[in-house]
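Could you look through this protein chain with me before we discuss it? My remarks are set out as numbered points, and each can be checked against the structure shown here.

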Amino acid sequence: MYMGIRYFYPHGDEFEEMKSTVKEWKSLEKAKAYCERYTGGCRFAGASIEDEKGNIVYEISDCGDIAEYPEAI
């Protein structure tokens, strides 16, 4: 089980408080697709995926930089 966490600015203003949504996925591929679906636009602040142990296995920044941590899987 993987947990996708998406961070965003509710009104697109990076000086406002960020909000987040959390969703659970059975596969890493579906969790990645969830995170990557929201990468465009001024509201997106970043996303990450954690495994069942709470280790971050994937991150994507607002600039589109992707970091994968295969040692955590």
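This is a predicted model: local features need pLDDT of at least 70, side-chain atom pairs count only at pLDDT 80 or more; totals for chains, interfaces and linings use all residues.

1. Residues are numbered from 1 along each chain as its sequence is written, and side-chain values use heavy atoms, with hydrogens and water left out.

2. The protein chain has 1 helix and 5 strands, and from the N terminus on these elements follow the order β-β-α-β-β-β. Here helices (H or I, at least four residues) and strands (E, at least two) are DSSP runs, numbered from the N terminus.

3. For overall size, the C-alpha trace of the protein chain spans about 35 × 20 × 20 Å along its principal axes. A compact globule of 73 residues would have a radius of gyration near 11 Å, and the 12 Å of the protein chain agrees with this; the radius is taken over C-alpha atoms, and the globule rule is 2.2 Å times the number of residues to the power 0.38.

4. Of the 73 residues of the protein chain, 32% count as buried, where buried means under 20% relative accessible area, exposed means over 50%, and partly exposed lies in between (1.4 Å probe, protein chains only). Contact means heavy atoms within 4.5 Å, and among the contacts in the protein chain with a separation of 6 or more, 39% come from residues 24 or more positions apart.

5. Which residues make up the largest nonpolar core? The core has 12 residues in all, namely Tyr2, Trp25, Leu28, Ala31, Tyr34, Cys35, Phe44, Ala47, Ile49, Val57, Tyr58 and Ile60. Two or more residues of this core come from each of helix 1 (28-37), strand 3 (44-50) and strand 4 (56-61), and helix 1 gives the most, with 4 residues. A nonpolar core is a set of buried Ala, Val, Leu, Ile, Met, Phe, Trp, Tyr and Cys residues joined through side-chain atoms within 4.5 Å. In soluble globular proteins, nonpolar side chains tend to be buried together.

6. Not counting residues up to four places away in sequence, Cys35 touches Phe44, Ala47, Ser48, Ile49, Tyr58 and Ile60. Ser48 is found in strand 3 and is buried, with a relative accessible area of 4%; with neighbours up to four places away again left out, the residues that Ser48 touches include Met3, Gly4, Ile5 and Cys35.

7. Is Arg6 buried or exposed? Arg6, which is found in strand 1 (residues 2-8), counts as buried because its relative accessibility is 14%.

8. Val22, found in strand 2 (residues 19-25), is exposed, with a relative accessible area of 52%. Leaving aside neighbours within four places in sequence, Val22 is in contact with Met3, Gly4 and Ile5.

9. Ala67 has its place in strand 5 (residues 66-68) and is partly exposed, with a relative accessible area of 25%. Not counting residues up to four places away in sequence, Ala67 touches Val57, Tyr58 and Glu59.
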